[in-house]
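Today I open my notebook on a new structure and look up a few rings and helices. Come along and check each entry as I go.

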Amino acid sequence: MKSVARLMGSLSAAALWIAGTGLVLMTVFIAAQVFWRYVLNDSLAWSEPASVMIMGWFIFLGAAVGIREGYHLSFDILLHVLPQRGKETLHTLSDIVVAAFGGGMILYGAQLAMKTAGNKMPGLGISGAFDFLPIVAGGVLVVLFSLERIARRAAGLHTARFGEAEQEH
């Protein structure tokens with residue numbers, strides 16, 4: 001299980017680096033668009049659609065990493081009065097629901113990508129499917145990271161929750 005945790009940790013770190021790079025790229029593209037529009041009195045046709053597509057990547061990859069690290073939204077009031085076994089059961093149930101949501105992201109994101117594959121994105125000239133690939137990739141990571149959390153808990157390993165120390169990899 002520890003080797004799987006290390007692999008998932010590496011995958012999580014890669015997703016976080018890609019998301020961070022995307023955030024920087026989006027900022028550069030928008031700054032370039034402002035410069036071109038207001039200083040050079042011209043416009044970059046590709047900067048806005050590229051920025052929006054990149055934003056999809058860093059949102060969905062970052063959200064998946066947040067799920068792995070235990071930073072997704074939760075309502076924990078009931079957990080304060082339950083014994084440890086009950087808490088673990090509810091944590092596992094939560095991870096199952098999150099994994100199902102990730103499965104929905106994969107299914108519906110893939111359907112959207114297939115329906116728009118024949119369209120060309122204005123300004124970029126690439127398939128419209130590229131707009132929906134971040135949903136699919138994020139969904140895959142959500143499922144993987146949720147299943148890892150369930151497996152870690154079943155193996156008796158710690159799974160991080162919001163506000164706790166980082167989990168071991």
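Predicted model: local features only at pLDDT ≥ 70, side-chain atom pairs only at ≥ 80, totals over all residues.

Entry 1: Next I looked up the aromatic pairs, and the count came to two. In one of them, the ring centres of phenylalanine 29 and tryptophan 46 lie 5.0 Å apart. Their planes stand at 90°, so I noted the pair as edge-to-face. I then traced where the two residues sit: phenylalanine 29 belongs to helix α1 (residues 2–38), and tryptophan 46 to the loop between α1 and α2 (47–68). They are 17 residues apart, and the pair links distant parts of the chain. Tryptophan 46 has a relative accessible area of 33%, which I logged as partly exposed.

**Entry 2: another pair.** I moved on to phenylalanine 35 and tryptophan 36, which also form an edge-to-face pair. Here I read 5.8 Å from centre to centre and 75° between the planes. Phenylalanine 35 is partly exposed at 42% relative accessibility, and tryptophan 36 is partly exposed at 32%.

**Entry 3: two helices.** How do α3 and α4 cross? I looked up helix α3 (residues 84–116) and helix α4 (residues 133–154), and their axes come within 8 Å and cross at roughly 160°. Angles over 145 degrees count as roughly antiparallel, so that is how I described α3 and α4. Their crossing is left-handed. Last, I sorted the residues of this contact into 12 nonpolar, eight polar and four charged.

Methods. Residues numbered from 1 in each chain as written. Heavy atoms only, no water. Axes fitted to C-alpha atoms, helices over the stretch in contact; angles between N-to-C directions. Helix = DSSP H or I, 4+ residues; strand = E, 2+ residues; numbered from the N terminus. Parallel < 35°, antiparallel > 145°, perpendicular 65-115°, else oblique. Left-handed = near helix turned anticlockwise from the far one by under 90°. Nonpolar A, V, L, I, M, F, W, Y, C, P; charged D, E, K, R; others polar. Phe/Tyr/Trp six-rings, centres within 6.5 Å; stacked < 30°, edge-to-face > 60°. Buried < 20%, exposed > 50% of the residue type's maximum accessible area, 1.4 Å probe, protein only.
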